[in-house]
Amino acid sequence: METQDFKNHTRMHPIYHYVLSLLVVGGLVASIVYLLKAEDTFLGVVLVVMSLSLAVTFALLRLYPLKAQDRAIRAEENLRYYVLTGKLLDAKLTPGQIVALRFAPDNEFPGLAEKAAAENMKPKEIKQAINNWKADHYRI
């Protein structure tokens, strides 16, 4: 596995992100075109409703596991911060900030967490502020 850093830490699943997303969007567009051109509006409406249902399912299929992972990451990073400092993470930190902090090694983590809370840093800014990237190869 290659070394992970800010430039290459995002993960794409080609079948999901490229193939399936194009099929879902294409199906939705085709069903709308069919509805607009067809004489049988009932069938057109049914196709649009089914395509919209598929599009919503497609989005939720990605969002639900990410939300569950974010909760697990928040708990892991709160424990890690507690082990390193004896305190819990600042309640002002957003889930996105905490998820970004997971890439900070132990020696940078407490200071960066405090800075992120004090300056309300965006997740991207937090990731860019990390000097020695700690890889996370388990994120979906």
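How many positive and negative side chains does the protein have, and how far apart do the centres of the two sets lie? There are 17 positive and 14 negative side chains, with the two centres 2 Å apart. Lys and Arg count as positive and Asp and Glu as negative, while His and the chain ends are not counted; each charge is placed at NZ of Lys, CZ of Arg, CG of Asp or CD of Glu.

This is a predicted model, in which local features need pLDDT of at least 70 and side-chain atom pairs count only at pLDDT 80 or more, whereas totals for chains, interfaces and linings use all residues. Residues are numbered from 1 along each chain as its sequence is written, and side-chain values use heavy atoms, with hydrogens and water left out.

**Whole chain**

Start with the cartoon view. The protein has 5 helices and 0 strands, in the order α-α-α-α-α along the sequence. Helices (H or I, at least four residues) and strands (E, at least two) are DSSP runs, numbered from the N terminus.

Next, show the C-alpha atoms: they fill a box of roughly 70 × 35 × 25 Å along the principal axes.

Of the 140 residues, 30% count as buried. Buried means under 20% relative accessible area, exposed over 50%, and partly exposed in between (1.4 Å probe, protein chains only).

**R80**

Select R80, in helix α2 (residues 41-85). R80 counts as buried because its relative accessibility is 13%. Its side chain makes a polar contact of 2.8 Å with the side chain of E77, and another polar contact of 2.8 Å with that of D106. A polar contact is a pair of N or O atoms within 3.5 Å; within protein, one must be able to donate a hydrogen and the other to accept it, and residues adjacent in sequence count only if both atoms are side-chain atoms.

**D90**

Move to D90, in the loop between α2 and α3 (95-101). D90 counts as partly exposed because its relative accessibility is 33%. The D90 side chain reaches the backbone nitrogen of K92 at 2.8 Å. Finally, select E114: its C-alpha atom is separated by 7.4 Å from that of D90, and the two residues are 24 apart along the chain.
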